[in-house]
Amino acid sequence: MKDNFNDKADPRAHHYILRLSRHAGVNRLENPEDEKRPPFQQAILFLERLQNWAAASGKGGQLKGEVLPVTHDDRPRLRIACPPAMLAEIQNAFGPKIKTVDEIPLPKPKGKSPLWKRIFGF
């Protein structure tokens, strides 16, 4: 049976909620002074790093993201949309910066079945 929630072969962009580390936007070589910034700004910095990474790898058009409000324990969060294969690359490149990943299920595609089948459930 096909797993509709986590279908890795699906070329559509999947949506993910990333819960980040407290200093996710800090790159110790480039911007160590940003370690003191609040969690929401850490999420903004991390999203910028993520978009720069995607553009440098030639996949900038496949990644979309937005900053979400911080969690109840002051962790920065992002919502991103990208193919599952790209998420695996992101996790490899930014592993310690990402604490958890939650996938938002994609809606099931509408079938082109005839009306009588939809009414009677065949």
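Leucine 115 is found in helix H3, which spans residues 115–120; helices (H or I, at least four residues) and strands (E, at least two) are DSSP runs, numbered from the N terminus. The model is predicted, so local features need pLDDT of at least 70 and side-chain atom pairs count only at pLDDT 80 or more, while totals for chains, interfaces and linings use all residues. Residues are numbered from 1 along each chain as its sequence is written, and side-chain values use heavy atoms, with hydrogens and water left out.

With a relative accessibility of 53%, leucine 115 counts as exposed. In this classification, buried means under 20% relative accessible area, exposed over 50%, and partly exposed in between (1.4 Å probe, protein chains only). Together with Trp116, Ile119 and Phe120, Leu115 forms a nonpolar surface patch that has about 500 Å² of accessible area. Such areas come from the Shrake-Rupley method with a 1.4 Å probe, and for residues only the protein chains shown count as cover. Patches are made of residues with over 30% relative accessible area and no salt bridge; like charges are joined within 9 Å and nonpolar side chains (Val, Leu, Ile, Met, Phe, Trp, Tyr) within 5 Å.

Four salt bridges were found in a search of the whole structure, a salt bridge being a side-chain nitrogen of Lys or Arg within 4 Å of a carboxyl oxygen of Asp or Glu. One of them joins the side chains of aspartate 73 and arginine 19, with an N to O distance of 2.7 Å. Because aspartate 73 lies in the loop between strand E2 (64–68) and strand E3 (77–82), whereas arginine 19 belongs to strand E1 (residues 14–20), this pair ties together parts that are 54 residues apart in sequence. Aspartate 73 is partly exposed at 26% relative accessibility, and arginine 19 is likewise partly exposed, at 25%.

Another salt bridge is formed by the side chains of lysine 59 and glutamate 89 (2.7 Å, N to O). Lysine 59 is located in the loop between helix H1 (39–56) and E2, and glutamate 89 in helix H2 (residues 84–93), so the pair ties together parts that are 30 residues apart in sequence. The relative accessible area of lysine 59 is 24%, which makes this residue partly exposed; glutamate 89, at 31%, is also partly exposed.

The side chains of arginine 79 and glutamate 66 also meet in a salt bridge, at 3.1 Å from N to O. This pair links distant parts of the chain, with arginine 79 in strand E3 and glutamate 66 in strand E2, 13 residues apart. Arginine 79 is partly exposed, with a relative accessible area of 29%, and glutamate 66 is partly exposed at 36%.
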